[in-house]
Amino acid sequence: MFKVILQSHWSWSKLLLGPGTVAAFALPILAVQEAGSLSDPQLSAWGTAGLLHEMEQWGTWYAALAAALGLAVATGAWGSDHRGGHVYALSLPLERWRYVLLRYGSGVVLLAAPIVFFWLGALLAAAAIELPNGLHAYPTALATRFGLAALVAFSVFFAISAGTARTAGYILVAVGGLLAAKLLLSAAGAAFDPLAFVIDRLTSWPGPLQVFTGRWMLIDV
Amino acid sequence: MSDFQVGNGCGQRTEATSSSTGPPVARSSLLLPLLLLVATPIECQTAAEYQVRVDSLRDEWQQRRSEFHSLASALLSDGIDTIKAGPFTILTDEPIADVMKQAVPLAWEAVRETLRSDSMLAAARPIYFPTGGSRPISSSPAVAAGPWIGDSADVEDVVNRIILTVGSEVGTLLDDGTRLWLGANIMSPTVARRSGWSGSYLPSVYVELATSGSAVGRTCFAGDLTACRAALELDPVSDPIAEWYDTQDLRRFIERAGMSRGWGSTEEWIPCVQESDDTACDRLFRARLEGSVLHPVSPMAHQTLAATALQMGGDGAYGRMVQTVAPTVADWIAAAAAAPADSVVARWYSNVMAARPAPTTLTAATGWSALVWIVVLAAIATRSTRWRS
């Protein structure tokens, strides 16, 4: 059963998952290449601070790729079901929650490939550069963070997609309500911003999106 | 002030007390050894001399007090309150007297905790804190001028301002060169701690040294304490650029600064950057700096060194810090620490290395939080609303 679900999930996701995996492998290498020539060992005067600054800039791309992969795999998990009106799922002699978990598991398996390739790319980038005294490479920590971020993004979009159109409607209404509240309070001259408050709670510890924020540093002190 | 006779140790006395001779000689020859036995060698002055000194100090104290009182009387006619916490005296306008009465004891407590036995440095003269619309006053030997305090200032803010003003007052006791080297109010760490900041500048100094653009900074980071002395500017240097930077530093700086920011014309830039002419780089670098100095480390590193010296010096360190007239910063640091400057630098270096910041790529809290959310969201997905075909 799981194998069938995995195959169908792969067929719906491969167009995005393939290029995403290649991008995951290439990003760390591009980051190091951009920050300091892979063939230039003289990362000395004024180059070290610049290297760290470049590393920090590339963190945005890592987070974006993790989110994009999570979204791609999550939509691929439920694409066929939504089109078929969940007929296949409802016809199976299987509890709904088991079916959902099987779908979820297939998504996690498919995400393993870009995560592993990201890790390999980070290892290669770290090995290819001669670091000045005082700096260290953290390819495994970065890959772990990438993997966790991709899984969090997949889980968020999977949970939303697993529901009905009504669920999606509730979420849209909630977001719209926050925006409306922000506009009304702003017009009334109130200092409180509900949208910023919610975003802050989501993106700071222990919010679900906190793994996306902060510094994604392949090379640091 | 009378002149005191101090000859060989404290044995000499003036004719008023020591010239007693005469009969019976034999008795005094027996008594003299006894007198010498009970004599207190520490006493270097006669009672009369001591009285003269006490009188002069009393006169000086009375003069200062009358100056203070006459000033206070003049200010009181404008509605000035005097608030005291031990020897610490604050003058303030009536509108903010209530908040000052709460703030002054707290500020004095914080100052005492920092300065310890040198707390009297903060109480050398009263400090006047005005509020809006009051008569302006400039600092004088009798009273120091503090910053303006708003009517709606809260107690914590006022406490911090008082502490910083004390720091400024103590800072005026330093010579200009030392004050410039330090680059900060010596009571800033006290205010930072009161604001709940439990960290230190050492992690930032670690990063600064690790990413230093100067050869001397990088060599210091690698463990060369002589380079650390140079990077911290403890000793005067005749040619800072040559002492602190190598040719690669200058070339990299010019290359990154670029011609677009005025760092050289094409004729100056190309020989330095593209043709690797060290002389051209040196000439261009000096010409653009126009005699100013590009310091190898920031004042933050200086402050951490001063903090290390004060910590090593223990009780009395602040007093030595402001009262020592030292030809170089190294001497000043050594005086504050009551230890050689090299020892202070060594301790500072080990503190900086121990303060290496934890990598920010992935913390345990972030990792575990993400895992929990993955499980929670998966569980939510299994419990979502029912499908209908």
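These legends describe close-up views of the contact between chain A and chain B in a predicted model. Local features need pLDDT of at least 70, side-chain atom pairs count only at pLDDT 80 or more, and totals for chains, interfaces and linings use all residues. Residues are numbered from 1 along each chain as its sequence is written, chains are lettered from A in the order in which they are written, and side-chain values use heavy atoms, without hydrogens and water.

**View 1. The interface of chain A and chain B.** Chain A brings 51 residues to the contact and chain B brings 41 (contact: heavy atoms within 4.5 Å). Together they bury about 3900 Å², 66% of it on carbon and sulfur atoms (accessible area lost on being put together, 1.4 Å probe, summed over both parts).

**View 2. The side of chain A that touches chain B.** Helices H2 (47–84), H3 (87–91), H4 (96–128) and H5 (139–162) of chain A each give two or more residues to this side (helices: DSSP runs of H or I, at least four residues, numbered from the N terminus). H5(A) gives the most, with 12 residues.

**View 3. Helix H19 of chain B.** This helix covers residues 364–382.

**View 4. The buried residues of H19(B).** Among them are Thr366(B), Gly367(B), Ile374(B) and Leu377(B) (buried: under 20% relative accessible area, 1.4 Å probe, protein chains only). The buried residues of H19(B) pack against H4 and H5 of chain A.

How values were computed
Buried area = accessible area lost by both parts, 1.4 Å probe. Expected span 1.5 Å × (residues − 1). Buried < 20%, exposed > 50% of the residue type's maximum accessible area, 1.4 Å probe, protein only.
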